[in-house]
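Student: I'd like to understand how the words used for a structure follow from its numbers. Could we look at one together?

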Amino acid sequence: MRWIWILGLVCGVGWAERISVPFRDPSRPGLVKASALNGSITVQTHAGKEVLVEVGAAKGWAVEEEGSSVRISPVGQGKNSDLQIWVPERTSLNLRSVNGRGIFVENVEGDLDVESVNGSVNLNNVSGTVVAHALNGKLTVRLKQVSRDKPMSFSTLNGTVDVTLPPDVAANFQVRNVWGEIRSDFAIGTAVETKQPRPGKMLTGRVNGGGPEISFRSMNGSIYIRKAGVR
Amino acid sequence: MPCRGRETELAEHLEGVANPEFAAHLAQCPDCQALLGMWQRMGGWADEAPDAGLAVRFRQRLNNETKPMGRGWMRWAGVAAAIVVSFFAGRTTTDVSDLRQEVRGLREVVALALLEQQSASERLRGIRYSAALEKPDEEVIAALTRTLRTDSSVDVRLAAADALRRYARTETVKQAARELLTENESPMVQVAGIDLLLAARERGRVEQMRTNLNLDENVRKYLERALQQENWE
Amino acid sequence: MTDEELMTAVQRGDTRRLGVLFDRHHTALFRYFLRLGGSRSLSEDLTQEVFFRMLRAGETWRADSRFVNWMYRIARNVFIDYQRKQRWETEMAPEFDVPAPQGNGYEQEQEWELVRQALAQLPPDKRELLVLSRYQGMKYEQIGELLGVETGTIKVRVFRALQQLRGIYEGLTGGQHALSRTGN
């Protein structure tokens, strides 16, 4: 059963406050879920086995541990409070932000599920799988290594999609952009779907022999698919 | 204190025990009538059913707790294979069509289990897997539709919309697509709703949206282009 | 196969049979927890927990007893444990003890909603009794067996619980329903 118990309620009074939350079972990769209404989320790695959470000023945050996951969410409608999180390198993330600068993640390896409404999303030097969406902001992802046989997806409405993948990634690409342009370092077949036409451009193709599906979607932004190491 | 001594009789009456003497009392006792009325009113709280996913989650956990090896959905495939083998061992060829039924059922169980996964990537895989089923049953289509409507990830919802294009004319799917257009949804998802409705030949529905003044500009632009493009065909 | 035969098979290690028992009884258990006052997701969690306790406490199963009674005995313990846990939680983090939203203005004052509210205000033992007899379709004899009480006592208690529920309900509706007809 998933018991939720409240580990701490952080009420910073003008300066930053930091708490440490251990995973109940540190031998398995944990999951960190965080959401912010009005503030950015930054996730970095550290050598420890626990999750460190630091909030800058303003209102309270609730931090809950639930089995092998840690959930961080704002209590009430905080003003501009940014969230900084340090996690073990192998951790899965589920991050949501509405207003503010957006979400920044670096060096984490795991299943990353990230969405921002008005801010940008920047995942730098990450590994594993990424499912990421930025409605109005720019989506930048640099994947060091990808999990074998796992699908991924990247999308924006108005922002640029800029994804860098390892040169040997084996996948089936699906790229759809309604009004914006598509550029790729990888050779993708130029087959345009014609059976059930929908507005916009649609490219599908196998890369390095094919594999799981990787989708890239945008309406107004540009889509750039880059091969790591190519300028 | 009204009706002292009638406690047992009234309780038995509720359980359906016929008792003419008590029935006569009940006919002229407002207090007992009121209690019976309360009992009947309780029936107004209708039965609710748990989510269909509960059974799937239970089996997943049962599997986890009783077989601690393997990982993720591969274990499901393993279970499916084991059951298939045991079927072959015990059955003659006349049962092959039965067997097909069973196997198809198991594939669907795997599809449903994948759609319930915590990882968005696994759910994307579940969508691919479901879409690849030769003839998914209503439960799978309903699960995909639920994913389209309620998944926590926009990308997963868009992938579900793509997978459901084949079944766009199904009533469940049409219904969901219509709701996407009326509810306060992300423009990306609304556009997917337009695609689905056009695939279902529900052009009228899409045209109706033009009158919605609150429509997002991006959605409106897409809608006009989509309707125009349909005209060329 | 009967429930009892299935449970005996589970006890002997054929754990897959638990799935059959789950299919047969999980909806009833879900409704039991829901009407005792659980949310949908809590009721789903507690329902699952009942079956996993069967797995862990399989040795307490006696092949000659009635499965459904044993199941409800476990379900009652699961619910009691949950409530204990709840108390512990609120003691540990009093800041977080936000009261649950009470019936507020926009909620439709439907009859069944009033029934739900009235039941929620009933003392837990009386609520349980009415849930078992009215919604779970259990006979007084069976309830007596489950609670370890004479059947005759159960009948009187059901009467009293119903009487109190009626009082609460009339308080909620301002007494308009006090003389509603029963059609009998």
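This is a predicted model: local features need pLDDT of at least 70, side-chain atom pairs count only at pLDDT 80 or more; totals for chains, interfaces and linings use all residues.

Student: At what angle do the two helices pack, and how far apart are their axes?

Tutor: Helix α4 (residues 53-66) of chain B and helix α3 (residues 40-56) of chain C pack at about 35°. Their axes lie 11 Å apart.

Student: Which residues meet there, and how do you know that they are in contact?

Tutor: From α4(B) come L54(B), F58(B), R61(B) and E65(B); from α3(C) come E44(C), Q48(C), F51(C), F52(C) and L55(C). Two residues are in contact if their C-beta atoms lie within 7 Å, so that is the test behind this list. By class, five residues are nonpolar, one is polar and three are charged.

Student: How many residues does each chain give to the contact between chains B and C?

Tutor: Chain C gives 38 residues and chain B gives 34. On the chain C side, the largest share, 10 residues, comes from α8(C). That side divides into 18 nonpolar, 11 polar and nine charged residues.

Student: How many helices and strands are there in chain B?

Tutor: Chain B has 13 helices and zero strands.

Student: What share of chain B counts as buried, and what makes a residue buried?

Tutor: Of its 233 residues, 36% count as buried.

Note on methods. Residues are numbered from 1 along each chain as its sequence is written. Chains are lettered from A and ligands numbered from 1 in the order in which they are written. Helices (H or I, at least four residues) and strands (E, at least two) are DSSP runs, numbered from the N terminus. A residue is buried if 20 or more other C-beta atoms lie within 10 Å of its own, exposed if 12 or fewer, and partly exposed in between; C-beta atoms are placed from the backbone. Axes are lines fitted to C-alpha atoms, for helices over the stretch in contact, and angles run from 0 to 180 degrees between N-to-C directions. Ala, Val, Leu, Ile, Met, Phe, Trp, Tyr, Cys and Pro count as nonpolar, Asp, Glu, Lys and Arg as charged, and the others, Gly among them, as polar.
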